[in-house]
Amino acid sequence: MIERNIFSQEHEMWRESVRKFVEKEIVPHHDRWEKEGIVPRELWLKAGEAGMLCCTVPEEYGGLGLDYLFDAVVYEELWRVGASGPGFLIHTDLVATYILSFGSEEQKRHWLPKMVRGEAIGSLGMTEPHAGSDLKAVRTQAVRDGDEFVINGQKVFISNGQLCDVIVLATKTDSQAGAHGVTLFLVDAATPGFNRGQNLEKLGMKAQDTSELFFDNMRIPEGAMLGGEGEGFKLMMTKLPQERLAQAIRSATVTEVMLEWTVDYTAERQAFGQSIGDFQNTQFVLADLKARSVMARVFTDKCIDLFMKGELDPVDAAMAKMVTSELHCETADKCLQLFGGWGYMWEYPICRAYADARIVKIAGGSIEIMKTIIAREMFKGKLQKNRG
């Protein structure tokens, strides 16, 4: 098999440390968190103390100043044990990244050290009831009033919504300007006028709190703006490849783990006088999935390498996200089938993985959006010329 070569010895030592933390602080409690629909804030503080949050944040803002692979290791080790509850990815890979990339010096010094320590939990407030993948269609209004903005609107499906202390919020400051009217703000959840809705009940990822957020005449200072007025859509577009890469890493990892579970189970489980793994159908199904999982992993690792060089193309990120997401869901379905009735029982990890899997074809941009991005690149400059 092709060995992964993007991680150094230092990264692998970090992996061992993260794995021990996950096994001690997360695995024994995750079942209970799934029932409660949320992880405790204490976990965030412990993760911060262990250095597992925002690894790439520079030392001047309280971080370790490490490379992206240290964050990737954290995500992989969580996903390998099916720990879908801790919303570290949103916090680290998106919110902290937005602040680090586009925040003012004051915003960075105020929020990043707290996020590194797990004292302030980050959330991304973009999706709305009428605006999912179409981010320029957000309706949450931010109206200027002197040196303040008054915000009214609603967000939905917001990960870390019940726990968040800081929100990267997408608003419309000019409802007539389309994408050029979108502005981002950094919102303190303690601000009057901000309210959390109920913790939403989902098909999967049951331990991760997911909420509606409401903004009712919430006043925030002009200094809370993230980037310039009207630049929000442009800023969001620059971060989408990173978000989609993270989704690809997740799907590549979980696909591998589900295959490992299924090989172990079918090698032991008996039917008709032999193990299920002895049947040609079992071997063919798993061999096909294995071959494609290796190719998905190789491509995903290449995208990680390109991202770290600042060369990850949005189309490549879309391809990685699309292919790995579809393979993730197909593997969950076919592996659960090989577990038979036991695969439908919540006590089996494959059952949880099946429920958790379905979101990957939606989160970070739907599969249909990924196909549109890829097709546009394929047909760029050709369809219009032919029509003319």
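Mentor: Gladly! Let's start with exposure: a residue is buried under 20% relative accessible area, exposed over 50%, and partly exposed in between, using a 1.4 Å probe and protein chains only. Keep in mind that this is a predicted model, where local features need pLDDT of at least 70, side-chain atom pairs count only at pLDDT 80 or more, and totals for chains, interfaces and linings use all residues. Residues are numbered from 1 along each chain as its sequence is written, and side-chain values use heavy atoms, with hydrogens and water left out.

Trainee: Why is Tyr348 called partly exposed?

Mentor: Tyr348 has a relative accessible area of 22%, which falls between the limits of 20% and 50%, so the label is partly exposed. Tyr265, at 14%, is buried, because that value is under 20%.

Trainee: What makes Trp14 and Phe70 a tilted pair?

Mentor: Rings of Phe, Tyr and Trp (its six-membered ring) pair if their centres lie within 6.5 Å; planes under 30 degrees apart count as stacked, over 60 as edge-to-face and the rest as tilted. By this rule there are 11 aromatic pairs. Trp14 and Phe70 have 6.2 Å from centre to centre and 50° between the planes, which makes the pair tilted. Both Trp14 and Phe70 are buried.

Trainee: And why is the pair of Tyr265 and Tyr348 edge-to-face?

Mentor: Their ring centres are 6.4 Å apart and the planes stand at 90°, so the pair is edge-to-face. Tyr265 and Tyr348 also belong to one aromatic cluster with Phe339 and Trp342.

Trainee: How do you know that Arg15 lies over the face of Phe7?

Mentor: The rule asks for NZ of Lys or CZ of Arg within 6 Å of the ring centre and within 35 degrees of the ring normal. Arg15 is at 4.8 Å from the ring centre of Phe7, and Lys114 lies over the face of Trp111 at 5.5 Å from the ring centre.

Trainee: What makes a set of residues a nonpolar core?

Mentor: The members are buried Ala, Val, Leu, Ile, Met, Phe, Trp, Tyr and Cys residues joined through side-chain atoms within 4.5 Å. The largest nonpolar core has 87 residues, and Phe88, Tyr98, Met115, Met126, Val168 and Leu184 touch the most other members. Apart from it lies another core of 17 residues, including Phe185 and Met218.
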